[in-house]
Amino acid sequence: MNKDQIRTLLEEVHSGATDIDTALERMKHLPFEDLGYAKLDHHRALRHGLTEVIFGKGKTPDQVIAIATRLLAQSRNLLITRTTAEIGKAMKDVALEAEYFPLSGAVRVWRDRNMVGKGVISVVSAGTSDIPVAEEARITCEVMGNEVDAVYDIGVAGIHRLLASSARLMEARVIVVCAGMEGALASAVGGLVSVPVIAVPTSIGYGASFHGLAALLGMLNSCASNVTVVNIDNGFGAGYVASLINRL
């Protein structure tokens, strides 16, 4: 439950529209609900603004569907990351609005589309191969209530593409940059703008990229002081933090 839901419930009890026993029933799973194989954090939305996100990888379809069903009983929005088309299809039976994004493997239920971010978040990819990670960040930012401007394939191998997009980037309040290979785009973007840049190293590249480690080290050594870094391929983490920053 988020702040608005709890406030509405308390107002209903105060006005007599909802009796105390009914209110207790609706709140009985706070702060968490134990399913045996998962303990669902129903207070997450109250603390962070988004219900608990389901990491799909490693969970069975039945587990994902059961967790999603219980979370949606308490929240209007839901995000599942790193899941399959099979689960994406099955989620349609849980929520007709469920969307599956094959590039990122994300499933989103986005009923509450109120914008709570104070500005635009730009999500940038260095190359087309980095788009799946960028899409995970974009979807996360949107479901958390942000306007997102996606700017794809502007890597430093064609620096004129970045420069042509500089005006758009300067309008952003937070920027997420997803890049593989040597990861240089994050520093280049950081040098152009005066806002926080969250760099996401991707596992795209040839042998010496070491599945994203080269990009990670390059980003950690950025000389642009407004650049910070999340883990390899962690578009979700970058989008989540960008969303929190955009509310400040």
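Which residues of α6 are buried? The legends below take up this and other points for a predicted model.

**View 1. Helix α6, residues 131-143.** The buried residues of this helix are Ile131, Val133, Ala134, Glu135, Glu136, Ala137, Arg138, Ile139, Thr140, Cys141, Glu142 and Val143. That makes 12 of the 13 residues of α6, so the helix is mostly covered, buried meaning under 20% relative accessible area. The end C-alpha atoms of α6 lie 18 Å apart, which agrees with the 18 Å that 13 residues should span at 1.5 Å a residue.

View 2. Strand β6 covers residues 106-110, and five of its five residues are buried. In a regular strand, side chains alternate between the two faces of the sheet. On one side of β6 are Ala106, Arg108 and Trp110, on the other Val107 and Val109, and both faces are covered.

**View 3. The turn between β5 and β6.** These two strands form a hairpin with four residues between them. Glycine 105 is in the turn and has a positive phi of about 75°.

**View 4. The largest nonpolar core, with 20 residues.** Val124, Leu169, Ile175, Val177, Leu185 and Val189 touch the most other members of this core. Two or more residues of the core come from each of β9 (174-179), α9 (185-192) and β10 (197-201). Valine 189 is in contact with Leu162, Leu169, Ile175, Val177 and Val197, leaving aside neighbours within four places in sequence. A second, separate core has 16 residues, including Ile54, Ile65, Leu72 and Met91.

**View 5. Alanine 150 in strand β8, residues 147-151.** Is alanine 150 buried or partly exposed? Alanine 150 has a relative accessibility of 29% and therefore counts as partly exposed, since that class lies between the 20% limit for buried and the 50% limit for exposed. Not counting residues up to four places away in sequence, alanine 150 touches Val123, Arg138 and Arg168. Valine 123 is 27 residues from alanine 150 in sequence, yet their C-alpha atoms are 4.8 Å apart in space. Arg138, another of these contacts, is one of the buried residues of α6.

Notes: Residues numbered from 1 in each chain as written. Predicted model: local features only at pLDDT ≥ 70, side-chain atom pairs only at ≥ 80, totals over all residues. Heavy atoms only, no water. Expected span 1.5 Å × (residues − 1). Buried < 20%, exposed > 50% of the residue type's maximum accessible area, 1.4 Å probe, protein only. Pairing = 2+ DSSP bridges. Core = buried A, V, L, I, M, F, W, Y, C linked by side-chain atoms within 4.5 Å. Contact = heavy atoms within 4.5 Å.
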